[in-house]
Amino acid sequence: MVKAYAQEHIYKHPWERVTSASWRKFADPENKRTLSHILEVDTLNRKLDPLSGKLYTTRALTIHAPGPWFVRKIIGQDICHCVESTVVDAQSKSMQLATRNVSLQKFIEVEEKIRYDPHPDNPTGWTICRQETSIRIKPLSAVASMAEKVEQRCAERFMQNSVKGREVMERICKYLEAESSGMAL
């Protein structure tokens, strides 16, 4: 069983500001309360390809394990480790992120893809964000019938967290906008 969803969001900010906000999303202490499921973020690798001009980054994320408390009790862990791979192509103004869990894979596989591009209707002023997430609970023999309910609960939690993430991105974009025009918030 796989639970998947896709959503789009339009940021009424230029691509450069939105992608800057994406890099700051987890680092800003003000966002810790909103993104409380994120425990730690570490940059593992960052490489700029001199030929293509693309920036490749790999980060490790430690998060509260998704799903209801009783599932975390069954698996004996309440944290999950993930790897986020990012490719930024400043030339074509594209930022792509792919995140997947590397722990708890016996029980759950989560993959999230996010892409930021200039909005076709206003390429210099707006940015479109496309997000796709898939969640697959691997049936536990004794609780196979619950797997679908757990997937649904995880998907609901991911959607709630993505709303929080967009709120943080909007706040950072407004901060960056004020910063660039010399105003303090």
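Predicted model: local features only at pLDDT ≥ 70, side-chain atom pairs only at ≥ 80, totals over all residues.
Q: Which residues are the closest to the centre of the largest pocket?
A: The largest pocket has a volume of about 740 Å³. It is lined by 41 residues, which divide into 18 nonpolar, 12 polar and 11 charged. The closest to its centre are His37, Ile38, Glu112, Phe158 and Asn161.

Q: Which element gives the largest share of the lining of the largest pocket?
A: Several elements supply at least two residues each, including the strands E1 (3-11), E6 (108-119) and E7 (122-137) and the helix H3 (147-180). The largest share is 8 residues, and the element that provides them is H3.

Q: Is His37 buried or exposed?
A: His37 sits in the loop between helix H1 (15-24) and E2. Beyond its neighbours within four places in sequence, His37 is in contact with Thr62, Ile63, His64 and Asn161. The relative accessible area of His37 is 18%, and since the cut-off is under 20%, His37 counts as buried.

Q: How far apart in space are His37 and Asn161, C-alpha to C-alpha?
A: In sequence, 124 residues separate His37 and Asn161. Even so, the two are in contact, with heavy atoms within 4.5 Å. From C-alpha to C-alpha, the distance in space is 8.2 Å.

Q: Which strands stand at the edges of the sheet, each with a single partner strand?
A: The chain has 3 helices and 7 strands. An open sheet of 7 strands, with antiparallel pairing, runs in the order E1-E7-E6-E5-E4-E3-E2. The strands at its two ends each have a single partner, so one side of each is left without a neighbour in the sheet; these are E1 and E2 (38-48).

Q: Which residue is the bridge partner of Ile38 in E3?
A: E2 and E3 pair in the antiparallel sense over 9 bridges. Their hairpin has 6 residues between the strands, and Gly53 takes a positive phi near 80° there. For Ile38, the bridge partner in E3 is Ile63.

Q: Which residue in E5 stands opposite Val87?
A: Strands of a sheet pair through backbone hydrogen bonds, either parallel or antiparallel. Here E4 and E5 pair in the antiparallel sense, over 8 bridges. Opposite Val87, E5 places Gln96.

Key. Residues numbered from 1 in each chain as written. Heavy atoms only, no water. 1 Å grid on protein atoms, 1.4 Å probe; cavity = no way out; pocket = protein on both sides within 12 Å on 5 of 7 lines; lining within 4 Å. Points joined across faces, edges and corners; volume = space filled by probe spheres on them. Helix = DSSP H or I, 4+ residues; strand = E, 2+ residues; numbered from the N terminus. Nonpolar A, V, L, I, M, F, W, Y, C, P; charged D, E, K, R; others polar. Pairing = 2+ DSSP bridges. Buried < 20%, exposed > 50% of the residue type's maximum accessible area, 1.4 Å probe, protein only.
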